Amino acid sequence: EVVHWTASFSTLGYASTLFILLLIKTFGATNAEIVKSLRKILSIIISFVVFTKPFTQLHFIGFFLFALSTFMGVQIKRNKNKLPK
């Protein structure tokens, strides 16, 4: 059973890496980073919806700060790509 789980996780990890590399090749590194950041934010939102956790004020503050830092990171990367070389 352990071998089955290890093989499954390895295969999914490899597929994930291929997908990210395909995103970078097709749309560029900045857009791939935006997709990865949105996936993180959506994973948190879906977790609260699926597992019906109580959403307190501290959760809201933490989520807001996380989303803000993600947005700022994307903006910094986007501005770096616009600089003349």
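Author: Lys36 and Glu33 both belong to helix H2 (residues 29–50), three residues apart, about one turn of the helix. Helices here are DSSP runs (H or I, at least four residues) and strands likewise (E, at least two), numbered from the N terminus. The model is predicted, so local features need pLDDT of at least 70 and side-chain atom pairs pLDDT 80 or more, whereas totals for chains, interfaces and linings use all residues. Residues are numbered from 1 along each chain as its sequence is written, and side-chain values use heavy atoms, with hydrogens and water left out.

Reader: What makes the contact between Lys36 and Glu33 a salt bridge?

Author: The definition asks for a side-chain nitrogen of Lys or Arg within 4 Å of a carboxyl oxygen of Asp or Glu. The N to O distance between the side chains of Lys36 and Glu33 is 3.4 Å, and the pair therefore meets the criterion. The structure holds one salt bridge.

Reader: Why is Glu33 called buried, and what is the class of Lys36?

Author: Buried means under 20% relative accessible area, exposed over 50%, and partly exposed in between (1.4 Å probe, protein chains only). Glu33 has 18% relative accessibility and so counts as buried. Lys36, at 30%, counts as partly exposed. The buried residues of H2 are Thr30, Ala32, Glu33, Ile34, Ser37, Ile41 and Phe48. In the protein, buried residues make up 12% of the 85 residues.

Reader: What makes the protein more spread out than a compact globule?

Author: The protein has three helices and zero strands, in the order α-α-α from the N terminus. Its radius of gyration is 17 Å, well over the 12 Å that the globule rule gives for 85 residues, so the protein is more spread out than a compact globule. The radius is taken over C-alpha atoms, and the rule is 2.2 Å times the number of residues to the power 0.38. Along the principal axes, the C-alpha atoms fill a box of roughly 55 × 40 × 15 Å.

Reader: Why is Phe51 called exposed?

Author: Phe51 has a relative accessible area of 57% and is therefore exposed. Phe51 lies in the loop between H2 and H3. Its C-alpha atom is separated by 29 Å from that of Val3, 48 residues apart along the chain.

Reader: Which residues form the nonpolar patch on the surface, and what makes a group of residues a patch?

Author: A patch consists of residues with over 30% relative accessible area and no salt bridge; like charges are joined within 9 Å, nonpolar side chains (Val, Leu, Ile, Met, Phe, Trp, Tyr) within 5 Å. The members are Phe55, Leu58, Phe60, Ile61, Phe64, Leu65, Leu68, Phe71 and Met72, with about 940 Å² of accessible area together. Areas come from the Shrake-Rupley method with a 1.4 Å probe; for residues, only the protein chains shown count as cover. Met72 lies in helix H3 (residues 57–82) and, at 46% relative accessibility, counts as partly exposed.

Reader: Is Thr70 buried or exposed?

Author: Thr70, in helix H3, has 13% relative accessibility and so counts as buried.
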